[in-house]
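Dear colleague,

Please find the structure below, handed over for your records. My notes on what was found in it follow directly after.

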Amino acid sequence: MRHSFRSDFSARLYKFCQFTLTICTEASRRETGGQMGQADFLDEPPHSEHLTEYDRAHFATYLRLLDAEAEAAHWAEAVRIIFGLDPDVQPDRALHVHQTHLARAHWMSENGYRDLLRSAYH
């Protein structure tokens, strides 16, 4: 089996992101006394070529979306669990929220992580 630098890097980045998510989740649990509520979210993440505050605030959401996609979860199940939206009540909105946030999650995994890493060194 042939491994490329990109796939090895992606695997290491994924592990790093999972570790970061664990730390952020634990810190959030401590701050909220164990209560993990739904974060405020927009129907569509802001469009930017750089990492935004919205991206930073929804980093865990992006990871959860990528995990759901990797596990071949149905979008309706993912949006119900991750965003707390009922796709039976608002199917168009739920699908739009899922698609736009998943697209931003892919952007983060392919490009946005660079800004995240840069900011960690400053």
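Leu-85 lies in the loop between H4 and H5, where helices (H or I, at least four residues) and strands (E, at least two) are DSSP runs, numbered from the N terminus. This is a predicted model, in which local features need pLDDT of at least 70 and side-chain atom pairs count only at pLDDT 80 or more, while totals for chains, interfaces and linings use all residues. Residues are numbered from 1 along each chain as its sequence is written, and side-chain values use heavy atoms, with hydrogens and water left out.

Leu-85 is buried, with a relative accessible area of 9%; buried means under 20% relative accessible area, exposed over 50%, and partly exposed in between (1.4 Å probe, protein chains only). Once residues up to four places away in sequence are set aside, Leu-85 touches Phe-41, Val-79, Arg-80, Gln-90, Arg-93, Ala-94 and Val-97, contact being defined as heavy atoms within 4.5 Å. Between the C-alpha atoms of Leu-85 and Leu-95, which are ten residues apart along the chain, the separation is 9.8 Å.

One of the contacts of Leu-85 is Arg-93, a residue of helix H5. Arg-93 is partly exposed, its relative accessible area being 29%. With residues up to four places away in sequence not counted, Arg-93 touches Phe-41, Asp-43 and Leu-85. Asp-43 is 50 residues from Arg-93 along the chain, and their C-alpha atoms are separated by 7.3 Å.

Leu-85 also belongs to the largest nonpolar core, which has 20 residues. A nonpolar core is a set of buried Ala, Val, Leu, Ile, Met, Phe, Trp, Tyr and Cys residues joined through side-chain atoms within 4.5 Å. The members that touch the most other members are Phe-41, Val-79, Phe-83, Leu-85, Val-97 and Met-108. At least two residues of this core come from each of H3, H4 and helix H5 (91-120).

Turning to the helix packing, H3 (residues 59-70) and H4 (residues 75-83) pack at an angle of about 155°, with their axes 10 Å apart. Axes are lines fitted to C-alpha atoms, for helices over the stretch in contact, and angles run from 0 to 180 degrees between N-to-C directions. From H3, the contact involves Thr-61, Arg-64, Leu-65 and Ala-68; from H4, it involves Ala-78, Ile-81, Ile-82 and Phe-83. By class, these comprise six nonpolar, one polar and one charged residues; Ala, Val, Leu, Ile, Met, Phe, Trp, Tyr, Cys and Pro count as nonpolar, Asp, Glu, Lys and Arg as charged, and the others, Gly among them, as polar.

Two further residues deserve a note. Ala-72, in the loop between H3 and H4, has a positive phi of about 60° although it is not a glycine. Ala-72 is exposed, with a relative accessible area of 67%. Phe-59, by contrast, is found in helix H3 and is buried, at a relative accessible area of 12%. Phe-59 and Met-108 are 49 residues apart in sequence, and their C-alpha atoms are 8.7 Å apart in space.

Overall, the protein has five helices and zero strands. Of its 122 residues, 33% count as buried.

Yours sincerely
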